[in-house]
Amino acid sequence: MSEYRIASVAIENSASSFDMAYSYLIDDNCANVKPGCRVIVPFGKGNKCRQGIVLHITTSDTLMRGIKKIYQLIDDEPILSDE
């Protein structure tokens, strides 16, 4: 059975009605992602590239239907601390 890593991402400059964390699949291209790192993700129906910051990472035995993957990891090390 596979275990999937899921990142909770806050999207930069999103409207207050969209001000929440979104779930993205972490694949092998972004295996080194950590909470506090910036990432590029597809956002919205048009999958526009948007910058976000990883808030936390969880694992799941099942893959959520329709979950999108992180496109790119920007930072090798977190720019935000736990504080």
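# Exercises on a predicted model

A search of the whole structure finds one aromatic pair. The structure is a predicted model, in which local features need pLDDT of at least 70 and side-chain atom pairs count only at pLDDT 80 or more, while totals for chains, interfaces and linings use all residues. Residues are numbered from 1 along each chain as its sequence is written, and side-chain values use heavy atoms, with hydrogens and water left out.

## Exercise 1

Find the residues of the aromatic pair and describe the pair's geometry.

Solution. Step 1: rings of Phe, Tyr and Trp (its six-membered ring) pair if their centres lie within 6.5 Å; planes under 30 degrees apart count as stacked, over 60 as edge-to-face and the rest as tilted. Step 2: the pair consists of Y22 and F43, with 5.2 Å centre to centre and 85 degrees between the planes, and is edge-to-face. Step 3: Y22 lies in strand β2 and F43 in strand β3, so the pair ties together parts that are 21 residues apart in sequence. Helices (H or I, at least four residues) and strands (E, at least two) are DSSP runs, numbered from the N terminus. Step 4: both Y22 and F43 are buried, where buried means under 20% relative accessible area, exposed over 50% and partly exposed in between (1.4 Å probe, protein chains only).

## Exercise 2

State which residues touch the most other members of the largest nonpolar core, and which elements give two or more residues to this core.

Solution. Step 1: a nonpolar core is a set of buried Ala, Val, Leu, Ile, Met, Phe, Trp, Tyr and Cys residues joined through side-chain atoms within 4.5 Å. Step 2: the largest such core has 15 residues, and V9, I11, Y24, V33, V39 and I70 touch the most other members. Step 3: two or more residues come from each of β1 (4-11), β2 (21-26) and β3 (38-43). Step 4: take V33 and set aside its neighbours within four places in sequence; V33 is then in contact (heavy atoms within 4.5 Å) with R5, I26, V39, V54, I57 and L73.

## Exercise 3

Describe how β4 pairs with β1 and with β3.

Solution. Step 1: two strands pair if DSSP finds at least two bridges between them. Step 2: β1 and β4 are antiparallel, with eight bridges, and A10 stands opposite I53 in β4. Step 3: β3 and β4 are also antiparallel, with six bridges, and P42 has C49 in β4 as its bridge partner. Step 4: the hairpin of β3 and β4 has four residues between the strands, and G44 there takes a positive phi near 80 degrees. Step 5: N47, in the loop between β3 and β4 (48-60), has a phi near 50 degrees, a positive value in a residue other than glycine.

## Exercise 4

Classify S8, E12 and D27 as buried, partly exposed or exposed, and give their contacts beyond four places in sequence.

Solution. Step 1: S8 lies in strand β1 and, at 10% relative accessibility, counts as buried. Its contacts are A21, Y22, I53, V54, L55 and H56. Step 2: E12, in the loop between β1 and β2, is partly exposed at 38% and is in contact with R50, Q51 and G52. Step 3: D27, in the loop between β2 and β3, is buried and has no salt bridge; K69, the nearest side chain of opposite charge, is 4.2 Å away. A salt bridge is a side-chain nitrogen of Lys or Arg within 4 Å of a carboxyl oxygen of Asp or Glu. Lys and Arg count as positive and Asp and Glu as negative; His and the chain ends are not counted. D27 touches K69 and I70.
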